[in-house]
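Thanks for coming, everyone. Please take a look at the model on the screen, and then I'll walk you through it.

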Amino acid sequence: MEIVLKFSELPLSETVENGWQYFELDAEGIIVSITVKPKVFKKLTQASENYPLWVAAISGKMGEKTENGFKLESPNIQTFEKKPKAEKPA
């Protein structure tokens, strides 16, 4: 099953083997565990540094079940600058 999660805050991460980054996202009470290459995680850090508002979409396959959720296998991250909506005239 292919999963897509959207978020707009830089998650707290920890460095694991070979510089890979591990972090978790809470998807309405289901904890999704994600491990990505440093180059992939850099997309998130660059978005948070370069854009005042941004959104990221992380996709992958539902993997092994964990105590509170599941692992996301083969994750891919895309980041986008989020433009503020223009106010509508009264």
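Let me begin with one definition. Buried means under 20% relative accessible area, exposed means over 50%, and partly exposed is in between. Keep those cut-offs in mind. And a caution: this is a predicted model.

Now the overview. The chain has 1 helix and 6 strands. Along the sequence, the pattern reads β-β-β-β-α-β-β. The C-alpha trace spans about 50 × 25 × 20 Å along its principal axes. There are 90 residues in the chain, and buried ones make up 28% of them. Next, contacts. Take those between residues at least 6 apart in sequence: 51% of them join residues at least 24 apart.

On to the charged pairs. Side chains of opposite charge can pair when their charged atoms come close. How many salt bridges does the structure hold? It holds 2.

Here is one of them. Lysine 71 pairs with glutamate 64, and their closest N and O atoms are 4.0 Å apart. Is lysine 71 buried, exposed or partly exposed? Its relative accessibility is 35%, so lysine 71 counts as partly exposed. Glutamate 64 is at 51%, so glutamate 64 counts as exposed.

Another salt bridge joins glutamate 81 and lysine 83. There, the closest N and O atoms are 3.7 Å apart. Glutamate 81 has a relative accessible area of 38%, so it is partly exposed. Lysine 83 has 60%, which makes it exposed.

Now the helix. α1 runs over residues 38-50, which is 13 residues. At 1.5 Å a residue, α1 should span 18 Å. Its end C-alpha atoms are 18 Å apart, so expectation and model agree.

Which residues of α1 are buried? They are Val40, Phe41, Leu44 and Ala47. Look down the axis of α1: these buried residues fall within an arc of 110°, so they line one face of the helix. Why does such spacing work? An α-helix has 3.6 residues a turn, so residues three or four places apart point the same way.

What about the face turned away from the buried side? That face of α1 carries the exposed residues Lys39, Glu49 and Asn50. And what do the buried residues of α1 pack against? They pack against β1, β2, β3, β4, β5 and β6. For orientation, β1 covers 2-7, β2 covers 13-15, β3 covers 21-27, β4 covers 30-36 and β6 covers 69-81.

Let's turn to the rings. The structure holds 2 aromatic pairs. One of them is phenylalanine 7 with tryptophan 54, and this pair is edge-to-face. The ring centres are 6.4 Å apart, with 80° between the planes. Phenylalanine 7 sits in strand β1 and tryptophan 54 in strand β5, so the pair ties together parts 47 residues apart in sequence. Both phenylalanine 7 and tryptophan 54 are buried.

The other pair is phenylalanine 23 with phenylalanine 41, and this pair is tilted. Here the numbers are 5.7 Å centre to centre and 55° between the planes. Phenylalanine 23 belongs to strand β3 and phenylalanine 41 to helix α1, so the pair ties together parts 18 residues apart in sequence. Phenylalanine 23 has a relative accessible area of 1%, so it is buried. Phenylalanine 41, at 9% relative accessibility, also counts as buried.

Glutamine 21 lies in strand β3. At 12% relative accessibility, glutamine 21 counts as buried. What does its side chain meet? A polar contact of 2.9 Å joins the side chains of glutamine 21 and threonine 15. A polar atom of the glutamine 21 side chain also lies 3.5 Å from the backbone oxygen of glycine 19. Set aside neighbours within four places in sequence, and the contacts of glutamine 21 include Ser13, Ile34, Val36 and Phe41.

Then serine 59. Where is serine 59 found? It is in strand β5, residues 54-65. At 18% relative accessibility, serine 59 counts as buried; the cut-off is under 20%. Leaving out residues up to four places away in sequence, serine 59 touches Glu2, Ile3, Val4, Leu72, Ser74, Pro75 and Asn76.

That's my tour. Over to you for questions.

Methods. Residues are numbered from 1 along each chain as its sequence is written. This is a predicted model: local features need pLDDT of at least 70, side-chain atom pairs count only at pLDDT 80 or more; totals for chains, interfaces and linings use all residues. Side-chain values use heavy atoms; hydrogens and water are left out. A salt bridge is a side-chain nitrogen of Lys or Arg within 4 Å of a carboxyl oxygen of Asp or Glu. Buried means under 20% relative accessible area, exposed over 50%, partly exposed in between (1.4 Å probe, protein chains only). Helices (H or I, at least four residues) and strands (E, at least two) are DSSP runs, numbered from the N terminus. Contact means heavy atoms within 4.5 Å. The expected span of a helix is 1.5 Å times one less than its number of residues. The arc is that of the directions from the helix axis to the C-beta atoms. A polar contact is a pair of N or O atoms within 3.5 Å; within protein, one must be able to donate a hydrogen and the other to accept it, and residues adjacent in sequence count only if both atoms are side-chain atoms. Rings of Phe, Tyr and Trp (its six-membered ring) pair if their centres lie within 6.5 Å; planes under 30 degrees apart count as stacked, over 60 as edge-to-face and the rest as tilted.
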